[in-house]
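Trainee: I would like to go through the labels used for this model and ask what each one rests on.
Mentor: Go ahead, one label at a time.

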Amino acid sequence: WYKLQELYITLLLQKGDYKKAYLILDKCIKHSKFVLLSEINAESWTILEAWIYTLNAFGMLDISNKNVKKFRLGKFINEVPNSSKDKDGKNAIIIIIQLLYWLTQKQYDKIQDRIEAIEKYSSRYLKKEEHFRINCFIKMLTEMGKASFHKTKVIEKTKKWYEKMQTVPINVANQTHDIEIIPFERLWEYALEQLDYEYH
């Protein structure tokens, strides 16, 4: 039942029906049986929950009522089991959530501090065919930092990576469904909306 709900939420997020995805996720997490999930199964829910809070930070979803717990990035990273923090796309997703959340909080210094390490990780571990789109997206996020978050400069410096990413659309990319839960093109639009025309 939980796996079916997880797939349904993933589909809703891919379609952009964020409100419905949140309502189902919230209901599942609050269910009395949730605590019985294995560590590896609970991990997928932790990542889905992180996406929901990131969308909320982007202003794409309003879940700011008093009954909703505050998203804590450090806690999220610590809750994802070490089994997933290996050299694959799952670790890259954690990096992307981290960078996007910092962007919504205007914590540009934290993004800048991680650029070199993320570039090394990307060049070392994301060379496989199934990592093509995620590698392009991470390149775009690091170029954002190099352009000092100036919107015009960011668009200019990331153009080639955006175009490369589009040569392999999500529907033909050789990647698992849980890698690109929200299409990167849409996430990029949200990221650009956070920028202004000043250097940071």
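What follows is a conversation that sets computed values against their definitions.

Mentor: This is a predicted model, in which local features need pLDDT of at least 70 and side-chain atom pairs count only at pLDDT 80 or more, while totals for chains, interfaces and linings use all residues. Residues are numbered from 1 along each chain as its sequence is written, and side-chain values use heavy atoms, with hydrogens and water left out.

Trainee: Why is Trp 1 called exposed?
Mentor: Buried means under 20% relative accessible area, exposed over 50%, and partly exposed in between, with a 1.4 Å probe and protein chains only. Trp 1 has 54% relative accessibility, so Trp 1 counts as exposed.

Trainee: And Tyr 2, buried or exposed?
Mentor: Tyr 2 has a relative accessibility of 11% and therefore counts as buried.

Trainee: What makes Trp 1 and Tyr 2 an aromatic pair, and of which kind?
Mentor: Rings of Phe, Tyr and Trp (its six-membered ring) pair if their centres lie within 6.5 Å; planes under 30 degrees apart count as stacked, over 60 as edge-to-face and the rest as tilted. By this rule there are nine aromatic pairs. For Trp 1 and Tyr 2 the centres are 4.9 Å apart and the planes are at 85°, an edge-to-face pair. Ring pairs also link Trp 1, Tyr 2, Phe 34 and Trp 45 into a cluster.

Trainee: Why is the pair of Phe 58 and Tyr 190 called tilted?
Mentor: The ring centres of Phe 58 and Tyr 190 are 5.7 Å apart and the planes stand at 50°, so this pair is tilted. The pair links distant parts of the chain, with Phe 58 in helix α3 and Tyr 190 in helix α9 (residues 184–193), 132 residues apart. Helices here are DSSP runs (H or I, at least four residues), numbered from the N terminus. Both Phe 58 and Tyr 190 are buried.

Trainee: Why is α9 described as largely enclosed by the rest of the structure?
Mentor: Eight of the 10 residues of α9 are buried, so that description applies. Among them are Phe 184, Leu 187, Trp 188 and Leu 192, and also Glu 185 and Arg 186.

Trainee: What makes a set of residues a nonpolar core?
Mentor: The set holds buried Ala, Val, Leu, Ile, Met, Phe, Trp, Tyr and Cys residues joined through side-chain atoms within 4.5 Å. The largest such core here has 64 residues, and those touching the most other members are Leu 13, Trp 51, Phe 76, Ile 96, Phe 137, Leu 187 and Trp 188. Helix α5 (residues 89–104) supplies the largest share of this core, 11 residues.

Trainee: Which residues does Phe 76 contact?
Mentor: Contact means heavy atoms within 4.5 Å. Leaving aside neighbours within four places in sequence, Phe 76 contacts Thr 46, Ile 47, Ala 50, Phe 71, Ile 94 and Ile 97.

Trainee: What makes a space a cavity?
Mentor: On a 1 Å grid over the protein atoms alone, a cavity is a set of points where a 1.4 Å probe fits but cannot get out, and lining residues have an atom within 4 Å of a point. Grid points are joined across faces, edges and corners, and a volume is the space filled by probe spheres set on the points. The structure holds two cavities of 30 Å³ or more.

Trainee: Why is Lys 164 called partly exposed?
Mentor: Lys 164 has a relative accessible area of 39%, so the middle class applies. Lys 164 is found in helix α8 (residues 151–166) and touches Phe 132 and Cys 136, not counting residues up to four places away in sequence.

Terms used
Helix = DSSP H or I, 4+ residues; strand = E, 2+ residues; numbered from the N terminus. 1 Å grid on protein atoms, 1.4 Å probe; cavity = no way out; pocket = protein on both sides within 12 Å on 5 of 7 lines; lining within 4 Å.
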